[in-house]
Amino acid sequence: MKKTLAAVAAFLFLLCAAEGCMQDQDTTNTTMQTIGETIGYDNEDDTSTETESVYTTEYTSAAETAAETPDFTVSQSEITASAAQITTTQTKTTTTAPPAETATTAAEAQTQPGTTRQSLIEQWRSAIDQRTAPKADPAFFNDAVFVGDSVTLGLRNYTTAQRNKGKDCLGAAQFLCFGSMSYTNTIGSVSAESMHPTYKGKKVRIEDGVQLCGAKKVFIMLGMNDFAAYSEKEWKQNVKTQLDRIRSKNPDVAIYLESVTPILSGMEHGRFNNDNIRQFNAYLKQVCDERSYTYVDIYHVLSDESGHLKKSYCGDPGAMGIHMSNEGSAAWVQYLTKTFCGE
Amino acid sequence: MKKILTAVLTAVFVFAAAACGTTTAPTDTTAQPQSANTPADAIDLAGVMQEMLGSVTLPEMMTLTQDDLIDYFGLEPQWCADSAACINSNGYEKDEIVLVRAADAESAAQIRACLETSLENAAAEMQNYLPQQYAMIRKCKVESRDLYVWLFISDNADQMQAILDKYF
């Protein structure tokens, strides 16, 4: 009798346990099916395709290398005549097969003992992320901050507008701007009247702002308010002073000096002219060569054949003739993206 | 004997029930309706701003999201229960509409302080740069009422104020 009872109990135990596992498996399958449908895959029929198509794509640009390599410079001779682009030799975009663990599909994992439903879902999600990730890599600018005057304020607004439309624009780059800011007028102390960029609404010195942003790359476009307002000796000294402060406070940051952009034809007056801008830019280039910073020639990206700001790129043709239209900002962003992200 | 049988069967069913317990229905991840946290008489700030944009002469403006307000004005997201803002898109002129309903009185004070700082910064930017803009900015001020805080920088700020006044 006892033996019979024990046998009945054992049978019932095994029956219930088996039923529980079966139901658990069914739920997992349903979840996997749902996720698979979300990305257009049939997780029963197309697992082999998924295995072959999940790749990890790595993009490395020479400019990014430059941020880590003290000796990197981009020489003037490398700038092409047509677009005057910085010829940072882009390391060829490499597409590599994933390591074994990332290539493991959810379907394969499903068969592995001890795999939980949650881990299966996570692997599916990972696969989805990799499938849907943009091929272009905007990560270069994620730890960058753009420092500048009203010209860069325009770039900031353009970038904000693009991001609010859901478009990628200079990654997660931040901005430290203030209208009429210059290398010179940012050297003094911060006050209610001073010219200093704002970080979260509060004025800060440039070097402090760069630190607050946590930036590893700083793109500086200043000078439009220097070269005509101060003597050559003054602005040359002030450029170096400002850069010294940024470097001293942020020893690990990579410095990129963007050239001053051109003035629209007919809007030059007195010392405020494109010849002086080119002279200023030549000095910036010289500083970059001396200090192993990267010179970024925006001037030639935005200028026409005569060296003036291209008309369609000008957002204030009836005013100052120096600020960018959306088309000009787009050209600027496109150049930066192409140069540093390899897109 | 019956006791033993009862104990064994009880143990079996308890264990089986526990095993079945792992097959809970999938969690419903459908977003639950959030508590609106919006007073019934709250002003539709986005609607007010649209009315201003539709009836007041302004340069090309770009709309800012609530997330943008920290970068542009230093307004922490948790201070703002609702907001509507836009600025001159060209970057060098300072026309602005900023309308905020604060989360609470303390936040309203913080928002007001930040917008006043922003207004002063705008004045400093324009003082030796664009005199007309400077004069315009100097005529403008941050206003508040209950939990609402707003700033209009425009030659037509009075018209904007008149539109907003209709909603109070």
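Trainee: In strand 2 of chain B, which residue is the bridge partner of Leu64(B)?
Mentor: Helices (H or I, at least four residues) and strands (E, at least two residues) are DSSP runs, numbered from the N terminus. Two strands pair if DSSP finds at least two bridges between them, and strand 1 (residues 61-64) and strand 2 of chain B pair in the antiparallel sense over four bridges. In strand 2 of chain B, Leu64(B) has as its bridge partner Ala85(B).

Trainee: What kind of model is this?
Mentor: Residues are numbered from 1 along each chain as its sequence is written, while chains are lettered from A and ligands numbered from 1 in the order in which they are written. Local features need pLDDT of at least 70, side-chain atom pairs count only at pLDDT 80 or more, and totals for chains, interfaces and linings use all residues, since the model is predicted.

Trainee: Which residue in strand 3 of chain B stands opposite Ile87(B)?
Mentor: Strand 2 of chain B also pairs with strand 3 (residues 96-102) of chain B, in the antiparallel sense and over seven bridges. Within strand 3 of chain B, the residue opposite Ile87(B) is Glu96(B).

Trainee: How many of the nine residues of strand 2 of chain B are buried?
Mentor: A residue is buried if 20 or more other C-beta atoms lie within 10 Å of its own, exposed if 12 or fewer, and partly exposed in between, with C-beta atoms placed from the backbone. Strand 2 (residues 80-88) of chain B is largely enclosed by the rest of the structure, because its buried residues number eight.

Trainee: Within what arc do the buried residues of helix 5 of chain B fall?
Mentor: Helix 5 (residues 131-138) of chain B has Gln133(B), Met136(B) and Ile137(B) as its buried residues. The arc is that of the directions from the helix axis to the C-beta atoms. These residues line one face of helix 5 of chain B, because, seen down its axis, they fall within an arc of 100°.

Trainee: Which exposed residues does the face of helix 5 of chain B turned away from its buried side carry?
Mentor: The cover over the buried residues of this helix includes helix 4 (105-127) and strand 5 (148-153) of chain B. The face turned away from that buried side carries Pro131(B), Gln132(B) and Ala135(B).

Trainee: In what order do the five strands of the open sheet in chain A stand?
Mentor: An open sheet in chain A is formed by five strands with parallel pairing, in the order 4-3-7-8-9. Strand 4 (174-177) and strand 9 (294-296) of chain A stand at the edges with a single partner strand each, so one side of each is left without a neighbour in the sheet.

Trainee: Which residue in strand 8 of chain A is the bridge partner of Val218(A)?
Mentor: Strand 7 (residues 217-221) and strand 8 (residues 254-258) of chain A run parallel and are joined by four bridges. In strand 8 of chain A, Val218(A) is partnered by Ile255(A).

Trainee: How many contacts beyond near neighbours in sequence does the stretch of residues 128-136 of chain A have?
Mentor: Two residues are in contact if their C-beta atoms, placed from the backbone, lie within 7 Å. Where pLDDT is low, the predicted coordinates should not be read in detail. Over residues 128-136 of chain A the pLDDT is below 50, and the contacts beyond near neighbours in sequence number nine.

Trainee: Is Asp146(B) buried or exposed?
Mentor: Asp146(B) sits in the loop between strand 4 (142-145) and strand 5 of chain B. Its phi is near 50°, a positive value in a residue other than glycine. Because it has 11 C-beta neighbours inside 10 Å, Asp146(B) counts as exposed.

Trainee: How many other C-beta atoms lie within 10 Å of Ser180(A)?
Mentor: Ser180(A) is in the loop between strand 4 and strand 5 (198-199) of chain A, and has a positive phi of about 60° although it is not a glycine. Ser180(A) is partly exposed, and the other C-beta atoms within 10 Å number 19.

Conventions: pLDDT = per-residue confidence, 0-100.
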